[in-house]
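Okay, I'll keep this short. Have a look at what's on the screen, and then I'll walk you through a helix pair and some aromatic rings.

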Amino acid sequence: MLKNHFIANKFLNKFFLFDYYNLLYIQVNEELYNCAVDYLASGQNISEISDIISTPFAPYIEEISQLLASNLLISDTTLDCEIIKTFPKVYFSFPTVHDCNLRCKYCFANAGTNFNEKNKNISSQQIENIYKFLLNCDNFKNTNKFRLDFVSGGEPLLNFGLVKEAKTIGDRIFNECGKTLDIWLCTNAVLLEEDKAKYLNNNNISIGVSLDGPKDVNDICRNYPDGNSSYSEVVDAISEIISNKTYSRFFRDMWVLTVITSQTKNIIDILEHHKNMGLNNVQMKIVRSAENDEFALTKKSVQNFISIYSELADFIIKRIECDDISYLKMFLNGNDYLGKIIIRLILRDAAVYRCMAGRNKMSFAANGDIYPCDSFVGIPDFKIGNIHDGLYQKKIDEFYNMIIFKRPKCKDCWANIICGGDCYYNSYVKNGNMRDPDEAFCEVNQHLCLLSIKIVGHLSLEKPELFDVLHQYLEKRKAFQ
C-alpha cells in the first residue's frame, strides 16, 4: 500500500505541495494544488500508480506519476533509522550548588529542592571524579569534544569559586588526554559582577542569561523569594557586558534564555526588547510544567500559544519581504522551539531523536548520581547511574530506543521528523511516562511545523537569495558545533 506523505499549502498566490518525508517543497499551479486539496480531503490512498486515474489527480496523471516514480508525495517508503551510538560531542552538566537566589515560578528544579540530599554542594574532588568518569566511559571512548554546561538546578554564581576550579581541573585532565572541554554557563545575572565577567571573558567561558522580556513580562515569574523584581539587576548586568569593548566579541555576543508560558501575550515584543538591548541570540522555550500549573501548556491554554506563535510567523514573513532576516536569525538555533524546526527544513535535516538526553547528554548531582538531563535530577526512576557504579546500561538503552519511529504516538504522525517529538520530561510530568507525548504539546508543535513550512517556503520560493544566505550561515555554524 502506498502512503501519502505531503500537505498542500499556499501563500502570496503561490501554490506548493510539501513532502514531509523528504522535507521538500514542490511548487505547482493552482489547478494541481486544488486537485491535491481534493485528494487529501477525500481520504483516498493510491495502491499503485494506475489508481491515479480514479482520483482528483486524474488530469495530472503524467506529472503525479513522475513524482511517484521518484518516491515523492506518495510512496511505499517506510521511515526508519538505526539507533545512533556514536557522538562527535558529549554535553554534561552539574551544579556548583543545588540552590538559587531567585524563585522563578516555573523552575523545574524548584530552586534546587528537587535534589533532596543533605549535601547540596559539589566538591573539587567530585568534579575531578566526574571528568575521569566521562573520559573512561566506554560509551564515549571515541569522543574527543566535551562541553560542560552550568545549568542544572542551581545558580552557578552562588559558588563562583567552583566554576574556576572546574575550569582549572578540566584544562589539566582533558589536555592530558588530548581532548577538549568547553564550558557554558547559564545565569540569572543577579550576581554577575565585573570581576566574574572578566574571569569568564578571559577564560573563553560563554554565557547565557535568563530574561523573559520587558519588565512587566519578566516580573510575572522571575523574582526574588520576597516577590521583588529581579529585572533591573539583570538588565544592568547584560548592558555592562555588551557595552564593554575590552571583552571579546564572543563573550559580549551572549545568549538570552526566555520561557514562553500561558501568560505570554506577545512574542514579538519580547524579541524587540531583546534586540533593542543589543542581544542577537535568543532561545525561547515553551514552559514544561504539570497540568495544574497556572503557567503550563494545557488544553485550555493551547490557543494562546498557537495565537502568539502565528503572530510571530506573520511578523517574520513581513520582515523577510523587506529583506530583513535579523529577527529570524535571533532565534535560529537548536534550542529554540520554533527556530530548530526552521533549521531542519532549511538544511533538510530530519529529527531522529527529540534530544541528546541519556545518550550524549547527562547531568550529575552533587552525590555523583547521574540523570539523563537536568530536568530529571532527583527523580529516582530516572537515575541512570553513579560515577562510582557506572552507567546502568538498561536505563541508557531506553534513551537509545527513543527514536521518533519507536514512540507509539509519534511514529505515524505526519510531523514526526520535523517535530522530533515531545520533551521526555514534559511527557513524564504530563502523562507519567516519557514515551507518550502531551496532547497539548502535539497540537502546538504541529502548528509550529506548519508555520515553519510557511516561513521556509516563503524564503525558498520568494527570496531564494536570502534562503541561500541562511543555508550557508547554518551549514558553517553546524561545522563548528
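I'll start with the ground rules, then the helices, then the rings.

So, this is a predicted model: local features need pLDDT of at least 70, side-chain atom pairs count only at pLDDT 80 or more, and totals for chains, interfaces and linings use all residues. Residues are numbered from 1 along each chain as its sequence is written, and side-chain values use heavy atoms, with hydrogens and water left out.

Helices first. The axes of helix 4 (residues 160-176) and helix 5 (residues 194-202) come within 12 Å and cross at roughly 15°. That makes helix 4 and helix 5 roughly parallel to each other, the label for angles under 35 degrees. Who touches whom? In helix 4 you've got Phe160, Lys164 and Lys167, meeting Lys196, Tyr199 and Leu200 in helix 5; contact is heavy atoms within 4.5 Å. By class, that contact has three nonpolar, no polar and three charged residues.

Now the rings. Phe, Tyr and Trp rings (six-membered one for Trp) pair if their centres lie within 6.5 Å; planes under 30 degrees apart are stacked, over 60 edge-to-face, the rest tilted. The count comes to 26 aromatic pairs. Take phenylalanine 94 and tyrosine 131: their centres are 6.5 Å apart and their planes at 55°, so the pair is tilted. Phenylalanine 94 sits in the loop between strand 6 (89-93) and helix 3 (124-136), tyrosine 131 in helix 3, 37 residues apart.

Buried or exposed, phenylalanine 94? Buried, at a relative accessible area of 0%, where buried means under 20% and exposed over 50%, with partly exposed in between (1.4 Å probe, protein chains only). Tyrosine 131 is buried with 0% too.

Terms used:
Axes fitted to C-alpha atoms, helices over the stretch in contact; angles between N-to-C directions. Helix = DSSP H or I, 4+ residues; strand = E, 2+ residues; numbered from the N terminus. Parallel < 35°, antiparallel > 145°, perpendicular 65-115°, else oblique. Nonpolar A, V, L, I, M, F, W, Y, C, P; charged D, E, K, R; others polar.
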